[in-house]
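Here are my notes for your review. Please read them with the model open.

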Amino acid sequence: MIYLDHAATTPVRREAIEAMWPYLTGSFGNPSSRHELGDEAARALAWARGEVAAIVGCRPGEVVFTSGGTEADNLAVKGIALARPRGRRVVVSPIEHEAVLESAAYLARLHGFTVVEVPVDAGGIVRPAALAAVITPETALVSVQLVNNEIGTIQPIADLAAIARGAGALMHTDAVQAAGHLDLDLGRLGVDAMSLAGHKVGAPKGTGALIARGRVGIEPVLHGGGQERGRRSGTENVAGAVAFATALRLADAERADAAARAAGQGRELAERILAGVDGARLTGDADLRLASTVSFVFPGTSGEAVLLELDRLGVTCSSGSACAAGSTEPSHVLTAIGIPADLAHTAVRFTLGAATTDQEIADAAAAVVRAVSAVRAIVNP
């Protein structure tokens, strides 16, 4: 099997499993308990918090462990907006992950917020001038992804954060797809909050974090015992936090080498497919994109049919966001960048990982040519 769906989830790193194992077995204490087992768990949790903080450039107390990116996005968008007294206006891009878009819709539906979508260009980029045109003094929060999960577009977050800050708004970025690929330093990005997910960097599913500056007020989404400094109640997943911190540290250390390898492999895959498949079109920005994300539309096909044929040929990939799998609607990301709905239904996304080989790239490209040809023969006999 050639696995090219790393944006959906990555294999769990052996180092992460080994790091978490003691806290699934002998060191099983509750970190809130005041005895030796509890203290041992609390020390492990503090270590994990410190590791994550060192990577993103924040204080340990600004790391809130969550069950993943979706919870982190919900806590950021709902929690920050509801805690801000300055206005009831939220700005998002139309290509955000559903966790952000649905959280914003919740604020509009139940709390009377106005949600404004800042437009993107044909490459999926939010231009600073576009944000400046829609932000107002009543804007409480701006939320724009660092990297898009479907087309790999990289946003100019530092420039967007400067505009938000100038207007008095707080800035959140969903950096789930950026971890292990880009520098996550909060100071460089200029953001007030950032979402991360463990299973994108080799940790188990169900792990992640919201990084939120200490000055940022957050209304909790989960209420209870007041863990995570009152921002996220519930007994912490100590083993998961340790695994997440371990995997994030390794992914960040390998980032430069991984980027160099992905640049060559991603370019090779794109060139082979564009040369071998008539009418194939690469989606997303040509330059401001993760090299490891290569997404196409194939006119005259069905994306799902191409996926099934590729799976039969031993290539695992996706038709877009794994979170939207099974939906009959066209990708909201592709339609937002101007791709017609019927063409958006032909999308196929390939996302490379650390273990992807050059031979797999060549074999996958050949399989794509065969799969698209086979589907077109059925769709257009």
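1. Start with Arg349 and Asp5. They form a salt bridge, with the closest N and O atoms 3.3 Å apart. This is a predicted model. Arg349 sits in strand 12 (residues 347-351), while Asp5 sits in the loop between strand 1 (2-3) and helix 1 (14-20), so the bridge ties together parts that are 344 residues apart in sequence.

2. Check the accessibility of this pair. Arg349 has 1% relative accessibility and counts as buried, because the cut-off is under 20%. Asp5 is buried too, with a relative accessible area of 9%.

3. Next, Glu254 and Arg13. Their side chains meet in a salt bridge at 2.9 Å, N to O. This pair also links distant parts of the chain, 241 residues apart: Glu254 is in the loop between helix 8 (238-253) and helix 9 (255-276), and Arg13 is in the loop between strand 1 and helix 1. Glu254 is partly exposed, at 33% relative accessibility. Arg13 counts as buried, at 18%.

4. Arg49 belongs to helix 2 and Glu228 to the loop between strand 8 and helix 8, so the contact ties together parts that are 179 residues apart in sequence. Arg49 is buried, with a relative accessible area of 14%. Glu228 is buried as well, at 6% relative accessibility.

5. One network deserves a look. Arg59, Glu62 and Arg213 are joined by salt bridges that share partners. The structure holds 16 salt bridges.

6. Seven strands make an open sheet in the order 2-8-7-6-5-3-4, and the pairing is mixed. Strand 2 (63-66) and strand 4 (114-117) stand at the edges with a single partner strand each, so one side of each has no neighbour in the sheet. From one strand to the next, the twist averages 20°.

7. Within the sheet, look at strand 5 (residues 139-143) and strand 6 (residues 170-174). They run parallel and are joined by three bridges. Leu141 stands opposite Leu170 in strand 6.

8. Two helices meet these strands. Helix 2 (residues 36-56) packs on the sheet and touches strand 2, strand 7 (193-197) and strand 8 (208-212). The direction of helix 2 makes about 115° with that of strand 2. Helix 3 (residues 69-83) lies across strand 2, strand 3 (89-92), strand 5, strand 6, strand 7 and strand 8. Helix 3 runs at about 160° to strand 7.

Methods
Residues are numbered from 1 along each chain as its sequence is written. This is a predicted model: local features need pLDDT of at least 70, side-chain atom pairs count only at pLDDT 80 or more; totals for chains, interfaces and linings use all residues. Side-chain values use heavy atoms; hydrogens and water are left out. Two strands pair if DSSP finds at least two bridges between them. Helices (H or I, at least four residues) and strands (E, at least two) are DSSP runs, numbered from the N terminus. Axes are lines fitted to C-alpha atoms, for helices over the stretch in contact, and angles run from 0 to 180 degrees between N-to-C directions. Contact means heavy atoms within 4.5 Å. A salt bridge is a side-chain nitrogen of Lys or Arg within 4 Å of a carboxyl oxygen of Asp or Glu. Buried means under 20% relative accessible area, exposed over 50%, partly exposed in between (1.4 Å probe, protein chains only).
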